[in-house]
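Open the model in your viewer and keep the selection panel within reach.

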Amino acid sequence: MKNNLSLQQTDSRHLHPSTQPHLLSLLKEHFGFTAFRPLQEEIIRDVLAERDVMALLPTGGGKSLCFQLPALARSGLTIVVSPLIALMKDQVDGLRANGIAATYLNSSLTAQESQTRLRGLHQGGYRLLYMAPERLMVPGYLSLVRNFQVNLLAIDEAHCISEWGHDFRPEYRRLVELRDQLPSLPIIALTATATERVQKDIVTLLRLRDPACYVASFNRPNLTYQVQPKDNPFGQVLAFLRKRPKDCGILYCQSRKTTESVADRLQHYGLKALPYHAGLSAEERTRHQELFLRDEIQMICATIAFGMGINKPNVRFVIHYDLPKNLESYYQETGRAGRDGLPSECVLLFSAGDTVKQQRFINEKSNFQEQQIANRQLQEMVHYAECGTCRRRTLLQYFGEQVESENCGGCDNCLSPRDIFDGTDAAQTVLFCVEEIRGTSGFSVGLNHVIAVLTGANTEKIRRWRHDQLTSYGKGEAHRRPEWATISRELIRLGYLQQTADPFTVLEVTDQGQHFLQEPQTLMLTKPMNTPDRKALSVEDLGHDEMLFTRLRQLRKTLADEADVPAYVIFSDVALRQMARDYPTNEQEFLQISGVGNRKLQEFGPKFLTVIARHLEIYAPLTTPKESNPTAAFSLRNQNPATNQKDIPYRQDLEGYKKTARRRPLGDTVHDTLRYFRAGHSIEQIASERGLVTSTIYGHLEQAIQAGEPVDLTQLWTSEQELEMAEAFEKTGFGNLTGAKELLGNLYDYGQLRLFRAAHGK
């Protein structure tokens, strides 16, 4: 995605190809990946060309790799500025697991530990050093840094430097002093969430010189967005969790008290949940976070104090118990789900009462300009919560990203479109009431007062201002108060009304609204939200051997506990699911798993291959008599399959077992889709005729293929397109669906790629 800043994006082609490091080989060797994500390679080449860079990549988009890989491609030290101690340890643990020399310096270390690491830095023993901004700017440390061979300064969470950022940290402002102290040192500033204004602040306040600015798409296609009417919120959360006993997630609450009460009640129902907020001691926060990172608990109930930089890739859901204060915070918090690229859910529980609570906090601000900004941000948040159109589209447009499709297939409004009704009379009633109040009183009022007039309320203000004598008084018997609130806010979104702060937030009829009152035309409005009855793709739809996946998770947990690191440092869920789908039986096959590099192959490969071999020995028994025990079978399978004829029966049994292990019973709805498809109907036609979305139809066909049903896919793509997909999966591995999609330039949707993968026995 092209940046909107008045700065030129770099062109690193001026570097001679022979001077470029073998980036792809480094990528596979150390990180286990075979292809870059969008913009990563371009950013890395600019970093290696010693050019300043500003990179905005979404959460899970691979920001860290943009400075970690250059650190391996040349000698010297990369200093990484990171705002949180827990994040530093998490990143360093992951790097060490990949065989990369990295360390950190922060207040959690003893004096002796710090001295040991400083000696290692002086001796050139590390490639990456993580530090907090305040620690880096201590005069003593600055003089030490000059003695190291530093070739890059990477500033993570760079939005913290801007007062317009959602998490402003004053200590980040001092980083600009490094320009004077180390004028030749190149800088890369990275963030996942920044509006255009914040992006400009990053460039200006860090004094980046002729920077290459990269802004990737904010879209997270694996996330499903959903807003539910808030009614018995604890009951809604409890029901949600009981349907997902194996998944973990984050519940965001507005107050510390709510985090503790919800966590306590969940524990009472036998669920593993703990609170996290700034009122807990540092030891409690660290312990609760560690238990969550290590999959010991299912849910963290947290305020916004939790989550920045959390690198846990298998967060399957994020629930907002209360309304966030702005869309930037909401995007950042929901972005902590699905960092591994697997399907994940984002649920917002919304009620008009939450809007009132936020408004009270805003009114307590002493600075009028701050009040105006906060009010505008709250209106945008409420607009998102109440809109009847695609939520993904609304979210992306907020960040200035244009979206062509009006149906994303991954939010409640697209999966289960809300009904509309003729709101012409209701709109006229609201607009006339607003106009009548202003015309007779000489001033405008807020939304709540307008609704009070419409519903015939007997309040002190209505009596004092004699609004009980207006024509509009009590004329709103057709709808209840919450319905009038929803109708009024939709009229604001549609441009018939506007909210202004003069000095209080009041309603006014716009020119568009005036024209509508004079020449009314049919106006269709959206009915209030209902909980959707259709769901998007989930991890259960990914077609792997669930029994083997469970065994691999148990092994991963054991190894992680022994190494005293979170489980995902060993392997991600993506890697385990690919193992449980592809059944690697030798080192060469294991190396094809996403995230398996040379270090992890050597350290963990034998253990995981043994578990896979034993699983197959039990559930896909071999016909060769000599293979009477798992160890012998494992040894035989690692021989060259081209020369080992005894391997043939095993291969046949394995293919049969794959089909059985992945098979799920087909319901009537899948058979109906299959019947339409065999009759020659297109995916779009089937979706339209059945009242479903295309992603659901693709899912039905994938299930049919996995169940062994004959499905002719030649009508979906040409032979050339099939070859393109095959080449993409060959590079990324069949477990990396997102990587294949990105490598193909997003020319194919997830449904097509899932069908291709299912049809080719993966």
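Begin by selecting strand S8, which is mostly covered: of its seven residues, six are buried. Keep in mind throughout that this is a predicted model.

**The sheet around S8**

Now widen the selection to the sheet. Six strands make up this open sheet, and their order is S8-S13-S12-S9-S11-S10, with parallel pairing. Its edge strands are S8 (223-229) and S10 (273-276), each of which pairs on one side only. Look along the sheet and you can follow a twist that averages 20° from one strand to the next.

Next, show S8 together with strand S13, residues 344-350; the two run parallel and are joined by seven bridges. Two positions are handy for finding your way. Thr224 stands opposite Glu345 in S13, and Val227 has Leu348 of S13 as its bridge partner.

H10 lies across S8, S9 (248-252), S11 (299-302), S12 (315-320) and S13, and it runs at about 165° to S13. While you are here, display Phe234 and Arg265: Arg265 lies over the face of the Phe234 ring, at 3.8 Å from the ring centre.

Move to Phe218, which is found in the loop between S7 and S8. Is Phe218 buried or exposed? With a relative accessible area of 1%, Phe218 is buried, because anything under 20% counts as such.

What does Phe218 touch? Setting aside neighbours within four places in sequence, Phe218 is in contact with Leu56, Ala192, Ala194, Tyr331, Leu396, Phe399 and Glu401. Select Tyr331 from that list: along the chain Phe218 and Tyr331 are 113 residues apart, and their C-alpha atoms are separated by 9.2 Å.

**Aromatic pairs**

The whole structure holds 14 aromatic pairs. One of them is Phe218 with Phe399, a stacked pair at 4.4 Å centre to centre, with 10° between the planes. This pair links distant parts of the chain, 181 residues apart: Phe218 sits in the loop between S7 (212-215) and S8, and Phe399 in the loop between helix H16 (391-398) and helix H17 (412-415). Both Phe218 and Phe399 are buried.

Tyr330 belongs to helix H13 (residues 327-334) and Tyr384 to helix H15 (residues 368-386), so the pair ties together parts that are 54 residues apart in sequence. Both Tyr330 and Tyr384 are buried.

**One more charge over a ring**

Jump to Arg675 and Tyr676. The charged end of Arg675 sits over the ring of Tyr676, 5.2 Å from its centre.

**Zooming out**

Finally, clear the selection and take in the protein chain. Its secondary structure comes to 35 helices and 17 strands. Of its 762 residues, 54% are buried. Among contacts with a separation of 6 or more, 72% come from residues 24 or more positions apart.

Methods
Residues are numbered from 1 along each chain as its sequence is written. This is a predicted model: local features need pLDDT of at least 70, side-chain atom pairs count only at pLDDT 80 or more; totals for chains, interfaces and linings use all residues. Side-chain values use heavy atoms; hydrogens and water are left out. Two strands pair if DSSP finds at least two bridges between them. Helices (H or I, at least four residues) and strands (E, at least two) are DSSP runs, numbered from the N terminus. Axes are lines fitted to C-alpha atoms, for helices over the stretch in contact, and angles run from 0 to 180 degrees between N-to-C directions. Contact means heavy atoms within 4.5 Å. Buried means under 20% relative accessible area, exposed over 50%, partly exposed in between (1.4 Å probe, protein chains only). Rings of Phe, Tyr and Trp (its six-membered ring) pair if their centres lie within 6.5 Å; planes under 30 degrees apart count as stacked, over 60 as edge-to-face and the rest as tilted. A charge sits over a ring if NZ of Lys or CZ of Arg is within 6 Å of the ring centre and within 35 degrees of the ring normal.
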